[in-house]
Amino acid sequence: MKMVNSKKKHILFWGFIILLYVFFLLNILKGMSDEFVIRISVVSSLTLLILLIRSTYAYTSTLLTPGLIFLSSFYLFQNGQILLYSLSVDFNTFYINKFGARIVEASIFSSISNVIAAYAYFIKSRKSNDARRISKIDYLDRNSIAILAYKSFWIMGAVAIPLIIVKFGVSLKGGYQAVRSLEGGIPQIISFVEYLFPLFAFLSLIYCSEKKVKVTRMFFIIWLLLTSMCGDRTTGLSGLLLVFFLNYKFSSSQGKTKSAFIKLIVAAFLLLLMIRIAGSYRSNASISDANFENSLVVDVVSELGFSVVPLLNIMEICPSTVSIQYGYEYLLSFIGGCIPTFLDPTGTVKTINGMSRSFEDFQSLYLNFDSFGFGWSLNADAYYNFGWYGLISIFFICLIIFHYLGNASFKNVSKDFYLYEVCVLLFMWITLPRRDSYYLWKAIVYCVVFMQFYITIFTKKRV
């Protein structure tokens with residue numbers, strides 16, 4: 001009871017600090033130089049972020065959690081380039097300079113967003129020894145789940161693996177844009193099967209025997225590598241990191257801590273190299289064009305941190321050219337994320353999906369850019385929906401994310417459905433900061449609700 005009361009006091013304390021921080025950034029800094037405002041915003045945001053992580057660790061006694069991994073992703077994607085810019089680090093600042101008039105606003109918005117996300121992480125944090133709920137799925141026969149997972153993995157793989165090989169072949173000839181064109185012509189049912197493939201891969205990694213796990217891991221890694229080289233580098237490489245991390249935790253639980261840790265460090269380093277190579281390959285369609293002149297860390301932070309550009313873009317045109325949506329775009333994304341298009345013969349959901357992705361045309365319609373897509377981000381999505389009040393929606397979105405990611409601990413690994421849920425959602429959401437809320441709802445509906453229904457229907461009850 002004392003611990004609960006202590007956490008409530010800390011929640012109120014940090015809530016008060018954050019309100020003061022928001023007031024400080026939005027009012028006190030007016031009239032000061034742009035360079036000073038950017039620097040103080042970024043440094044103070046990072047400081048509060050670290051302090052909130054420290055408070056979370058003090059409460060949970062666990063540092064490396066799924067929530068922290070997502071929070072790190074959230075920071076790097078939306079604040080990476082602004083951090084480098086504020087520290088005067090040398091990197092490609094072409095797009096930041098292009099929209100330089102908005103860099104101060106974007107820095108303040110991103111700084112507040114980071115702190116709000118960390119606050120949501122603290123609120124939803126749980127002690128590693130807290131009593132955990134048992135999923136209804138784990139009352140079913142475990143062997144039946146394992147058989148279903150492995151069979152489904154190969155059924156989905158019969159479509160997903162040849163498809164990614166075809167995509168890779170297309171990328172070798174025409175680059176990233178050619179892959180995007182190919183994906184635009186793929187039937188929705190095929191895309192849905194491809195989407196399900198990693199779900200059953202993670203389910204197999206958690207429920208199957210060691211022999212089947214090795215086979216699943218090998219083919220899943222191949223799929224992830226090819227995915228990263230076909231342009232979706234962050235999804236592929238983050239999936240690889242998660243697979244390697246799971247292998248590390250499982251090996252550690254078997255007493256192979258030292259060798260598993262060395263493998264994890266080597267894998268993390270190789271993935272950093274892959275981010276750089278895949279980024280250059282996406283832009284130039286040639287691995288040999290990868291730039292190795294700058295620091296590896298700087299290149300990775302710059303590559304991931306490009307997601308500040310969509311925020312700069314939307315601040316440039318909204319509300320002057322494009323109106324604030326007042327939640328309408330969120331509503332469209334929710335509908336599109338919850339209902340698969342191939343189940344709707346009327347085409348209504350497909351139309352709604354298209355409407356929810358209106359931002360994809362902004363760069364050509366309003367910004368005179370016809371190169372590769374700038375993408376989107378949670379910050380840009382929030383600003384497009386509510387302007388500066390979108391920071392409030394960021395808070396509630398992060399509460400939902402950290403609620404689900406808190407259902408299993410990476411400290412005490414238990415091979416159950418909640419571990420699957422956390423792993424697959426982290427896989428789907430680790431790139432969410434550079435996407436929009438559509439992917440939040442889609443992951444919950446298909447990775448959790450659909451899988452629960454699917455397993456319940458086709459699995460025997462425990463005897």
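First, the ground rules. The model is predicted, so local features need pLDDT of at least 70, side-chain atom pairs count only at pLDDT 80 or more, and totals for chains, interfaces and linings use all residues. Residues are numbered from 1 along each chain as its sequence is written, and side-chain values use heavy atoms, with hydrogens and water left out.

Start with the core. The largest nonpolar core has 141 residues. By that I mean buried Ala, Val, Leu, Ile, Met, Phe, Trp, Tyr and Cys joined through side-chain atoms within 4.5 Å. Buried is under 20% relative accessible area, exposed is over 50%, and partly exposed is in between, with a 1.4 Å probe and protein chains only. Phe202, Ile314, Tyr420 and Trp429 have the most contacts inside this core. Which helix gives the most to it? Helix 5, residues 103-123, with 14 residues. Helices here are DSSP runs of H or I, at least four residues, numbered from the N terminus.

Stay on helix 5. Tyr119 sits there. Tyr119 is buried because its relative accessible area is 12%. Beyond four places in sequence, Tyr119 contacts Ile11, Trp14, Gly15, Ile18, Leu52 and Phe395. Contact means heavy atoms within 4.5 Å. Gly15 is 104 residues away along the chain, yet the two C-alpha atoms are 7.7 Å apart.

Now the partner. Helix 5 packs on helix 17, residues 390-405, at about 35 degrees, axes 9 Å apart. Axes are lines fitted to C-alpha atoms over the stretch in contact, and angles run from 0 to 180 degrees between N-to-C directions. From helix 5, Phe109, Ile112 and Tyr119 are among the residues that meet helix 17. Helix 17 brings Leu391, Ile394, Phe395, Cys398, Leu399 and Phe402.

Next, helix 16, residues 378-386. Eight of its nine residues are buried. Asp381 is one of them, and so are Asn379 and Asn385. What covers them? The cover includes helices 3, 5, 12, 13, 15 and 17. Ile314 touches Ala380, Tyr383 and Tyr384, along with Phe362 and Trp376, leaving out residues up to four places away in sequence. Gly387 follows helix 16, with a positive phi near 65 degrees.

Last, cysteines. The structure holds zero disulfides, meaning pairs of cysteine sulfur atoms within 2.5 Å. Is Cys447 buried or exposed? Buried, because its relative accessibility is 0%. Cys338 counts as partly exposed, because its value is 24%.

Notes:
Helix = DSSP H or I, 4+ residues; strand = E, 2+ residues; numbered from the N terminus.
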